Amino acid sequence: MTDATATATATATAVDTVLDTTVDTRPSKIVYVAEATAHGGREGYVTSQDGQIELKVAMPPELGGDGNGTNPEQLFAAGYSSCFHNALVLVGRRAGLDLTGSTVAAKVGLGPNRQRGYGLAVALSVSLPVLDAAVAAELVDAAHEVCPYSNATRGNIDVTILLG
């Protein structure tokens with residue numbers, strides 16, 4: 001192999017490494033399992049195995065229901081916002097940052113997709129009031145890489161993060 005060939009091969013390998021976006025975010029070990037059961041779909045109720053959740057589920061008025069109960073989108077929004085906030089706290093603590101007063105709000109949209117089914121879109125509104133904007137943006141980016149919900153949704157649904 002000539003020096004030019006060796007250099008080209010090394011450069012190609014380095015570029016391939018940089019361009020490799022197939023990051024495996026699957027867990028290497030399961031450390032906790034949550035269990036919930038739906039009874040009656042969107043017009044029923046949900047329970048958790050440990051009894052912590054017993055909620056009536058109802059279609060929202062926008063989808064023709066009476067809205068007298070929670071719905072899967074609200075539950076997803078609650079889960080994603082709390083999980084993302086915890087990822088912020090974890091990353092912030094590692095960096096020695098003050099996250100006093102921080103919050104994460106999630107909006108989960110539901111609508112028809114092109115395959116005759118339905119899809120979701122998420123908007124996360126992050127407030128980090130005691131951090132300057134550049135540090136806050138870096139923290140949000142790092143949390144987005146750590147958060148299990150972000151890892152599960154990446155490439156599957158649109159997730160917009162608004163920092164304010």
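The sulfur of C83 has its closest cysteine sulfur in C147, 3.6 Å away, and that is too far for a bond. A disulfide would need the two sulfur atoms within 2.5 Å, so the count here comes to 0 disulfides. Keep in mind that this is a predicted model. Both cysteines are tucked away: C83 is buried at 18% relative accessible area, and C147 is buried too, at 0%.

Now for the helix packing. Helix α2 (residues 72–94) packs against helix α3 (residues 133–146) at an angle of about 115°, and their axes are 8 Å apart. The crossing of α2 past α3 is right-handed. On the α2 side, the contact uses Y80, F84, A87, L88, L90, V91 and G92, while α3 brings L139, V140, A142, A143, H144 and V146. Sort that contact by class and you get 11 nonpolar residues, 2 polar ones and no charged ones.

On to the aromatics: the whole structure has 4 aromatic pairs. Take F76 and Y149, whose ring centres sit 5.6 Å apart with planes at 55°, so the pair is tilted. F76 belongs to helix α2 and Y149 to helix α4 (residues 148–153), so this pair ties together parts that are 73 residues apart in sequence. F76 is partly exposed at 23% relative accessibility, and Y149 is partly exposed at 28%.

Then there's Y80 with F84: their ring centres are 6.5 Å apart and their planes at 65°, so this pair is edge-to-face. Y80 and F84 lie 4 residues apart in helix α2, about one helical turn, and both are buried. Ring pairs link F76, Y80, F84 and Y149 into a cluster.

Key: Residues numbered from 1 in each chain as written. Predicted model: local features only at pLDDT ≥ 70, side-chain atom pairs only at ≥ 80, totals over all residues. Heavy atoms only, no water. Buried < 20%, exposed > 50% of the residue type's maximum accessible area, 1.4 Å probe, protein only. Axes fitted to C-alpha atoms, helices over the stretch in contact; angles between N-to-C directions. Helix = DSSP H or I, 4+ residues; strand = E, 2+ residues; numbered from the N terminus. Left-handed = near helix turned anticlockwise from the far one by under 90°. Contact = heavy atoms within 4.5 Å. Nonpolar A, V, L, I, M, F, W, Y, C, P; charged D, E, K, R; others polar. Phe/Tyr/Trp six-rings, centres within 6.5 Å; stacked < 30°, edge-to-face > 60°.
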